[in-house]
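Biologist: Hi, could you walk me through this one? I'd like to go element by element and ask as we go.

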Amino acid sequence: MFEKILIANRGVIACRIARTLRNMSVSPVAVYSQADAHSLHVAAADQAVLLGESLASDTYLDTSRIIGAAQQTGAQAIHPGYGFLSENAAFAEECAAHGIVFIGPAPRHIRDFGLKHTARRLAEASGMPLLPGTGLLDDLDHALHEAQAIGYPVMLKSTAGGGGIGMQLCEDAGVLTEAFDSVRRLSRNNFSNAGIFLEKYVQNARHVEVQIFGDGAGKVIALGERDCSLQRRNQKVIEETPAPGISSIQRARMHDSACRLGATVNYRSAGTVEYIYDPGKDTFYFLEVNTRLQVEHGITEEVSGVDLVEWMVRLAADELPDLETLQPVLSGHAIQARVYAEDPARQFQPSSGLLTHVAVPADVRCETWIQTGSEVSPFYDPMLAKIIVHATDRDKAISKLDRA
């Protein structure tokens, strides 16, 4: 097992990873920006390395500084968490080149699934059901021709990135014409990739995803599914597991198809296969694959009794038992609510400033980086905490979340 692991992240996820590492008797090493000097993730680590002032590009996204911090502290491995460098194949390769273990999927998996149009091809090859869609679009004329063939409404989507950026619902040719250049520009500016494509839009769809874990040698297991349909600006706000209102037959098919896709590519580590579920037709379609730990992984842990971070670390250290012996029995119902620093009077724009009083509910799982006196900076994602509840059934879980 590793003696030291550097956590290449900040805030909520960095605190959460540090807790698991301590439980495993592994020394957590933090990195931080000057703006995060008083974050709880710094206090949670045995060592902490200052990366720079505040901008993400100069700190948490600076691969040379992250590698340097690992070398400086003697960390043998790096856990990227989610966001930042977690789905950066070049960073994973850079870690290997410096003799540092990247705790996550193989670089080829990150690349293959990192672009949505190539992920669609892999999903199709594994027999996954797909919505009508296209490959990369050459120009507006190409887009208009393909949209007419698919039938409106369609979604115009960036092939790279995530977080709801680079997505536009197009009800007709006029909207598609107006949106085409702006979506392509957003894609280029945010993800350095201007590739865009079309996919059929499903009204009243639900967003359901399956948590998978693979050993890199063809064995992949599913750890249940999560419903992430409660979103704002195409970003998840509340997630729950198991997904309510889905038949046992469709649930099993989702799990099986996710495992089949993972096995096809010898997927390694934690990952999530996301689906569009059409409740009116009781059917599902492939959406994308996230090659990392998800923000909502905690609810899966609650119903499965599995620590996904520990599994990722043990697999990276070649110390994880055979996956077939680890398949858990899922129990109860879990819900997560994300807590953000936002101003509801200004259409929920991110809000920075001093937190004069912080009270954390004592009888639920609360993952946070804040405390009374914490300063919320304007430089990063405004998530402050994740409230996670687990109960024997959905109604009890909802009541528990209400109280929290």
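Modeller: Happy to. A definition to begin with: two strands pair if DSSP finds at least two bridges between them. Helices (H or I, at least four residues) and strands (E, at least two) are DSSP runs, numbered from the N terminus. By that rule β6 and β8 pair in the antiparallel sense, over five bridges.

Biologist: Before we go on, what kind of model is it, and how are things numbered?

Modeller: This is a predicted model, where local features need pLDDT of at least 70 and side-chain atom pairs count only at pLDDT 80 or more, while totals for chains, interfaces and linings use all residues. Residues are numbered from 1 along each chain as its sequence is written, and side-chain values use heavy atoms, with hydrogens and water left out.

Biologist: Good. Back to β6, then: which other strand does β6 pair with?

Modeller: Strand β7 (residues 167–170), in the antiparallel sense and over four bridges. Together they give an open sheet of three strands in the order β7-β6-β8, with antiparallel pairing. Its edge strands are β7 and β8, each pairing on one side only. On average, neighbouring strands of this sheet are turned by 25 degrees against each other, direction ignored. For that angle, axes are lines fitted to C-alpha atoms, for helices over the stretch in contact, and angles in general run from 0 to 180 degrees between N-to-C directions.

Biologist: Is β6 enclosed or open to solvent?

Modeller: Strand β6 (residues 154–158) is largely enclosed by the rest of the structure, because five of its five residues are buried. Buried means under 20% relative accessible area, exposed over 50%, and partly exposed in between (1.4 Å probe, protein chains only). Val154, Leu156 and Ser158 point one way from β6 and Met155 and Lys157 the other way, and all are buried.

Biologist: Changing topic: how many salt bridges are there?

Modeller: The count comes to 33, taking a salt bridge as a side-chain nitrogen of Lys or Arg within 4 Å of a carboxyl oxygen of Asp or Glu. One of them joins Arg120 and Glu199, at 2.8 Å from N to O. Arg120 lies in helix α6 (residues 116–125) and Glu199 in strand β8 (residues 196–200), so the pair ties together parts 79 residues apart in sequence.

Biologist: Are those two buried or exposed?

Modeller: Arg120 is buried, with a relative accessible area of 8%, and Glu199 is buried too, at 3%.

Biologist: Which residue does Lys236 bridge to?

Modeller: Glu209, with the closest N and O atoms 2.8 Å apart. Lys236 is in strand β11 (residues 235–241) and Glu209 in strand β9 (residues 206–215), 27 residues apart. Both Lys236 and Glu209 are buried.

Biologist: And what does Glu367 pair up with?

Modeller: Glu367 forms a salt bridge with Arg19, the closest N and O atoms being 3.7 Å apart. That pair links distant parts of the chain, 348 residues apart: Glu367 sits in strand β18 (residues 365–368) and Arg19 in helix α1 (residues 11–23). Glu367 is buried at 3% relative accessibility, while Arg19 is partly exposed at 38%. Both belong to a network of salt bridges that also links Arg16, Glu301, Glu302, Asp307, Arg365 and Lys386.

Biologist: Nice. What about the parallel sheet: what is its strand order?

Modeller: Five strands form an open sheet, ordered β3-β2-β1-β4-β5, with parallel pairing. Its edge strands are β3 (47–52) and β5 (101–102), and each pairs on one side only. Strand β1 (residues 4–7) is joined to strand β2 (residues 27–33) by four bridges, with Ile5 partnered by Pro28 in β2.

Biologist: Last one: how many cavities of 30 Å³ or more turn up?

Modeller: Three, in a search of the whole structure. On a 1 Å grid over the protein atoms alone, a cavity is a set of points where a 1.4 Å probe fits but cannot get out, and lining residues have an atom within 4 Å of a point. The largest cavity holds about 50 Å³, and its lining consists of Arg10, Trp369, Val376, Ser377, Tyr380, Asp381 and Pro382.

Notes: 1 Å grid on protein atoms, 1.4 Å probe; cavity = no way out; pocket = protein on both sides within 12 Å on 5 of 7 lines; lining within 4 Å. Points joined across faces, edges and corners; volume = space filled by probe spheres on them.
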